[in-house]
Amino acid sequence: MTFKILSLDGGGIRGVLSTTILEDIEAILREQKGQELYQYFDLVAGTSTGSILAAGIGCQMQAKQLTDLYQKRGKDIFLESVRRQRQPRGVFSWLWQRLILSWLRRLKGSYALYPHEQGNQGLAKVLEQQLIYDGKSPKISEITQPHLLILAYDVLSRNTTWFTNNNPDQGRWYDDIELWKICTASASAPTFFPPYELPYNSEQNLPHIDGGVSANNPALTAIAHALWMNKGKADKLKLSDIAVLSIGTGKTTNPYTYQEIANWGLLGWIKNLTDIFMNPSAINSEDICTQLLESVGGVHLRLDFELNQQFEGERKPNRLRELIKKPYNEYLFQKNGRKQEIKEDIDNPDICQDLIEAAQGYLEYGKVDYDNERVPVRCAIKQFIESH
């Protein structure tokens with residue numbers, strides 16, 4: 001019997017792209033199997049914003065409810081007042097950067113970070129209000145279906161914590177921690193949020209940051225966890241029994257020249273840290289999963305797309321394509337006939353509608369590699385669900 005994994009990437013507000021794809025998967029799943037997301041998948045893994053989606057599925061939320069979370073509460077997470085402070089303004093950007101350096105030293109690094117809680121706003125407050133199961137805020141051990149895997153990075157012990165809801169009888173230190181707190185830790189991206197402390201025992205807390213620093217695409221860790229869960233069983237799970245449906249939050253494609261990077265300085269690297277370091281690890285995980293599973297007869301379906309077309313011409317080895325003067329999203333172009341560039345920020349709630357429309361265009365017009373063929377995205381989803 002196939003062991004089905006849903007893997008959900010990090011990516012901040014761009015998680016609304018993932019929820020739009022999940023809405024389509026949910027509709028096909030109901031039609032073909034008469035099941036909900038939490039019933040169909042054996043294991044749901046998420047990092048950062050993907051942890052919020054995984055937790056929402058565990059709380060039996062519908063995909064549209066998750067989309068609404070980003071659209072209606074995104075501005076309560078990424079506060080406009082903070083966002084304005086983080087943005088250079090026109091001709092004053094040079095002066096702005098130098099002033100910020102001075103303020104950063106005085107404020108001990110607390111300047112212009114989004115709060116975990118500020119009145120009725122903030123990441124933690126929104127998640128506490130939204131992640132409800134059986135009428136209350138559940139502890140992770142109280143979610144019984146599906147299996148969950150949420151990643152966050154413990155900066156004290158310098159380890160990635162794998163938060164799971166299976167085998168709670170083992171008495172793990174996080175079993176009694178509410179799910180919203182674990183998701184807050186997993187989504188506390190460096191340079192955007194402060195670290196988040198989780199209680200380890202009566203005397204000590206463990207500070208955690210975004211799990212994306214170690215695995216922004218959690219598919220590989222999900223495969224490893226699935227195999228570990230089934231160790232020692234008579235009917236032992238094999239790698240060939242695993243089918244992974246992995247959903248990204250859009251590939252950032254903004255090209256950087258040598259001169260740009262050479263002149264970044266400290267603030268330039270801070271501003272682009274998430275894009276530079278997290279995106280490559282997600283792509284590596286995608287490539288490894290595909291080769292690993294397909295080599296043994298397993299299944300890996302990756303749903304993701306470039307947010308903007310930056311180059312034109314056919315991709316060929318050792319040949320650089322020409323840059324497009326005005327980048328644009330190809331699926332918005334196919335859907336609406338307009339060449340529009342999508343902002344690639346992970347903290348800008350104003351781009352939600354563009355991301356939703358681009359994801360809808362991807363579902364309608366996009367193609368993906370699946371089962372050794374290049375097929376339309378929606379066909380691949382239907383084949384995945386029909387076969388497993």
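In the predicted model, Gly46 stands opposite Ile150 in strand S3, and S3 (residues 147–154) pairs with strand S2 (residues 43–47) in the parallel sense over five bridges. Strands (E, at least two residues) and helices (H or I, at least four residues) are DSSP runs numbered from the N terminus, and two strands pair if DSSP finds at least two bridges between them. Residues are numbered from 1 along each chain as its sequence is written, and side-chain values use heavy atoms, with hydrogens and water left out. Because the model is predicted, local features need pLDDT of at least 70 and side-chain atom pairs count only at pLDDT 80 or more, whereas totals for chains, interfaces and linings use all residues.

Strand S3 is joined by six bridges to strand S4 (residues 159–164), the two running antiparallel, and Ile150 stands opposite Phe163 in S4. S3 and S4 form a hairpin with four residues between them, and Arg158 in the turn has a positive phi of about 60°. Strand S6 (residues 205–210) also pairs with S3, in the antiparallel sense and over three bridges, with His208 in S6 as the bridge partner of Asp154. S3 is mostly covered, seven of its eight residues being buried, where buried means under 20% relative accessible area, exposed over 50% and partly exposed in between, for a 1.4 Å probe and protein chains only.

Rings of Phe, Tyr and Trp (for Trp, its six-membered ring) pair if their centres lie within 6.5 Å, with planes under 30 degrees apart counted as stacked, over 60 as edge-to-face and the rest as tilted. By this rule the count comes to 12 aromatic pairs. The rings of Phe78 and Tyr114 have centres 5.1 Å apart and planes at 85°, so this pair is edge-to-face. The pair links distant parts of the chain, 36 residues apart, with Phe78 in the loop between helix H4 (63–77) and helix H5 (80–86) and Tyr114 in the loop between helix H6 (93–106) and helix H7 (123–130); both residues are buried. The pair of Tyr328 and Phe333 is likewise edge-to-face, because the ring centres lie 5.9 Å apart and the planes stand at 70°. Tyr328 is buried at a relative accessible area of 16%, whereas Phe333, at 35%, counts as partly exposed.

The charged end of Lys339 sits over the ring of Phe333, 5.4 Å from its centre, and that of Lys4 over the ring of Tyr40, 5.0 Å from its centre; the criterion places NZ of Lys or CZ of Arg within 6 Å of the ring centre and within 35 degrees of the ring normal. Phe163, Trp173, Tyr174 and Tyr200 form one aromatic cluster.

In helix H15 (residues 377–387), the buried residues are Val377, Ala380, Ile381, Phe384 and Ile385. Seen down the axis of H15, these residues fall within an arc of 125° and so line one face of the helix, the arc being that of the directions from the helix axis to the C-beta atoms. Glu386 and Ser387, on the other side of H15, are exposed.
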